[in-house]
Amino acid sequence: MIIVPLGVASATPTATRHLPSVALWREGDVHLFDCGENTQMRMLQAGLKRSKITNIFISHFDIDHYSGLMGLLSTLQLQRREDPMSIIGPKGIKKYIDWNFKFAGIELNYDLNFIEIKEDIESQKVVDTDDYYVEARPLNHSRFCVGYRFQEKDKPGKVDAQKATNLGITEDEQFKALKAGEDVKLEDGTLVKSVDIVGHPRPGDSFAYVTDTKYCPNAVKLAMNTNILYHEATFSASLSDKAEETGHSTSVDAARVATESQTKLLVIGHFSARYTNPFILLREARENFFPAWLATEMRPIYTNPSLEKDIIKQRVYMKEIDEKSDSSRSDGKTYDKKSSDRGGNKRFRKRRPQNSRKQNSRSDSGERRTKRQEKPRYNNDDSENRSSRPPKHITPRTPFDNFDRF
Ligand SMILES: [Zn+2]
C-alpha cells in the first residue's frame, strides 16, 4: 500500500500547496480520498495513472474537497474509459454529478456506481471486496463530514513448500487444500496438518483518512491500529480557539487521535495557508506522538518500503524541492533525485543538542562556514547548516493568500 498526498492545503491553495486530495495505491489500483480541483494534474505529476482509479471517496461538500471531481471524470470520458468506477460520499453526491453531466450534455461511456452515506449512520461498510473493505464514520465538522478507513483483509500465511515436500506432499491439489486450512491424508495413511505447513495469516495493511473535524471518538475508531493515519492539522495549538470555532483540528489534536488509536505512523496535512512553514505543526505533533510526518505533495509514503520503493515514479519535482536541493550543494554536484527523496523528514528527526551543534560548526573550515551562513533559511537538506542558522522565523502572511479563509 502506498499513500501519495496530492494536495495538502486547506480551503485556500497557496503558491506551493494544492487543494485536498490523497491517493492510495494498492496492487495497481488507485483509490482517491477527496478530489480538490488540482487532483487530476497532480496525479499525472506524481506518476499515478488516472485510468487506474477504482474508487473515489469524498469526505464532505466543502467545495475544496470535491472541486476536481467533474474535471477528472470528464477527462476519463475523453480517454474513453470503459471500466466502472465507484464514487462514495455523503448523500447528494449522485445528484451533483448527474446534474453536471446533464448540464454539459454528456452521456458517460463508463458506469458510475454511487454509494451515498446518510447522516444518521454510526458506521457503514461502503466498499467490501475479497481483498479489502472500506469503512466510513461521521466526524465532527461544521457540516456533515465522514472519515474513512481502508482495511486490507488478512492475507493467508506462507506455505513452507520444502517442509510439505519432505512430509510427502506432491500434488497441487494437496498444496491448495493445505493452504485453505484443510489437513491432507496421504496414501500411506499419514495425516499432514495444515498448521504445520502454513504460517500464521499476515494482517492486512490499513489506512485512515480523517480530515475536516474537531477531535472526535469516531476518528480514533477509524484509525485504531492502522499502519498510516492521515489526519488534518489545519492549525497549531496556539489557534485552538479558531480550530474549535471552525470545526478543525490542531496538530496536537491530530497527535491525540494518533496516540489513542495506536497508529504506526501519523501523517499530518490540510495546512492553513497562514503556515508558510508547516514544520512548526510537525514539531508540535511530534512532541505528543513521535512517529509523525508532514504530508508532502507527491512524496509517497510506503507501508512496505523494501517492496514498494520504485513502483511510483514522479514525473516532475516541486520547484521548491528542486531549489532546496540545488542550493544546498556547495560542492557543485548536480541535483540528484535520490538525495531529495531521502529529504526533510529523516533529517528533521536527527536534531542534536545545542552544544554539540555549536562545536560541530566550529570545526568546519572558515570558508565553508561563511558560505553556509549566507544560505536561505529553508535549506533543510543540510543538517550542518541548520546548526549555524538563527531560529526559524515563521512568516505569518504572504501577499498571495487570504488568510481569513482556510
Ligand atoms: Zn477542508
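## Two residues with positive phi

D34 sits in the loop that links β3 to α1. In this predicted model, the phi of D34 is positive, about 65 degrees, although D34 is not a glycine. D34 is buried: 29 other C-beta atoms lie within 10 Å, and the cut-off for a buried residue is 20 or more.

H270 is found in the loop between β14 (265-269) and α10. H270 is not a glycine either, and its phi is positive at about 60 degrees. With 31 other C-beta atoms within 10 Å, H270 is buried.

## The open sheet

Seven strands make up an open sheet with mixed pairing, and their order is β6-β5-β4-β3-β2-β1-β16. The edges are held by β6 (112-117) and β16 (301-302); each has a single partner strand, so one side of each has no neighbour in the sheet.

Within this sheet, β4 (residues 53-57) pairs with β5 (residues 85-90) in the parallel sense, over three bridges. I56 has I87 in β5 as its bridge partner. Helix α3 (residues 93-104) packs on the sheet, where α3 touches β5 and β6. The direction of α3 makes about 145 degrees with that of β6.

The buried residues in α1 are T39, Q40, R42, M43 and A46. They lie on the same side of α1, because the arc they cover around the axis is only 160 degrees. The buried residues of α1 pack against β1, β2 and β3, and also against α2 (69-78). After α1 comes G47, which has a positive phi near 85 degrees.

## Helices α9 and α10

Helix α9 (residues 251-261) and helix α10 (residues 279-288) have axes that come within 8 Å of each other and cross at roughly 35 degrees. The crossing of α9 with α10 is right-handed.

On the α9 side, the residues that meet α10 are S251, V252, A254, A255, R256 and T259. On the α10 side, they are L281, E284, A285 and N288. By class, this contact of α9 with α10 holds five nonpolar residues, three polar ones and two charged ones.

Note on methods: Residues numbered from 1 in each chain as written. Predicted model: local features only at pLDDT ≥ 70, side-chain atom pairs only at ≥ 80, totals over all residues. Pairing = 2+ DSSP bridges. Helix = DSSP H or I, 4+ residues; strand = E, 2+ residues; numbered from the N terminus. Contact = placed C-beta atoms within 7 Å. Axes fitted to C-alpha atoms, helices over the stretch in contact; angles between N-to-C directions. Left-handed = near helix turned anticlockwise from the far one by under 90°. Nonpolar A, V, L, I, M, F, W, Y, C, P; charged D, E, K, R; others polar. Buried ≥ 20, exposed ≤ 12 C-beta atoms within 10 Å, placed from the backbone. Arc of directions from axis to C-beta.
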